[in-house]
Amino acid sequence: MLSINPKMLPRLDELEEDLLARRERAVAEDWRGEIDGLDLTLTFLRSKREQARRFERTEPLSVGLPKVPHQNPQLTEG
């Protein structure tokens, strides 16, 4: 799955406008298969845009560096 950079939100709006115009033409021409494909693409585009908006609202989470437990092997002479 691709993640969308929030800086690309204006481009997603442009793409949606284009897809809607193409869908209007497909409806006018009665291209049913094209309408279904465009509807599916619009669904995915809107989902990605919402994902980018959620990502934009959240702060990065610092997880820090992993801690490795210190091992002190006890040597016994026997």
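I began with burial: buried residues make up 15% of the 78 residues in the protein. I took buried as under 20% relative accessible area, exposed as over 50% and partly exposed as in between, with a 1.4 Å probe and protein chains only. This is a predicted model, where local features need pLDDT of at least 70 and side-chain atom pairs count only at pLDDT 80 or more, while totals for chains, interfaces and linings use all residues. Residues are numbered from 1 along each chain as its sequence is written, and side-chain values use heavy atoms, with hydrogens and water left out.

**Entry: secondary structure**

I found 2 helices and 0 strands in the protein. Both kinds of element are DSSP runs numbered from the N terminus: helices are H or I with at least four residues, and strands are E with at least two.

**Entry: the helix pair**

I looked up how the helices meet. Helix 1 covers residues 9–29 and helix 2 covers residues 32–57. Their axes come within 10 Å and cross at roughly 165 degrees. That makes helix 1 roughly antiparallel to helix 2. I noted the rule: angles under 35 degrees count as roughly parallel, over 145 as roughly antiparallel, 65 to 115 as roughly perpendicular, and the rest as oblique. Axes are lines fitted to C-alpha atoms, for helices over the stretch in contact, and angles run from 0 to 180 degrees between N-to-C directions.

By class, the contact of helix 1 with helix 2 has 12 nonpolar, 1 polar and 11 charged residues. Asp, Glu, Lys and Arg count as charged; Ala, Val, Leu, Ile, Met, Phe, Trp, Tyr, Cys and Pro as nonpolar; the others, Gly among them, as polar.

**Entry: the core**

Which residues form the largest nonpolar core? I listed 9: L9, L12, L19, A26, I35, L38, L42, L45 and A52. The largest share, 5 residues, comes from helix 2. Such a core is a set of buried Ala, Val, Leu, Ile, Met, Phe, Trp, Tyr and Cys residues joined through side-chain atoms within 4.5 Å.

I then checked L9. Leaving aside neighbours within four places in sequence, L9 is in contact (heavy atoms within 4.5 Å) with R49, A52, R53 and E56.

Is E16 buried or exposed? E16 sits in helix 1 and is buried, at 12% relative accessible area. Not counting residues up to four places away in sequence, E16 touches L42, L45, R46 and R49.

D30 lies in the loop between helix 1 and helix 2. D30 is partly exposed, at 46%. I noted a positive phi of about 60 degrees there, although D30 is not a glycine.
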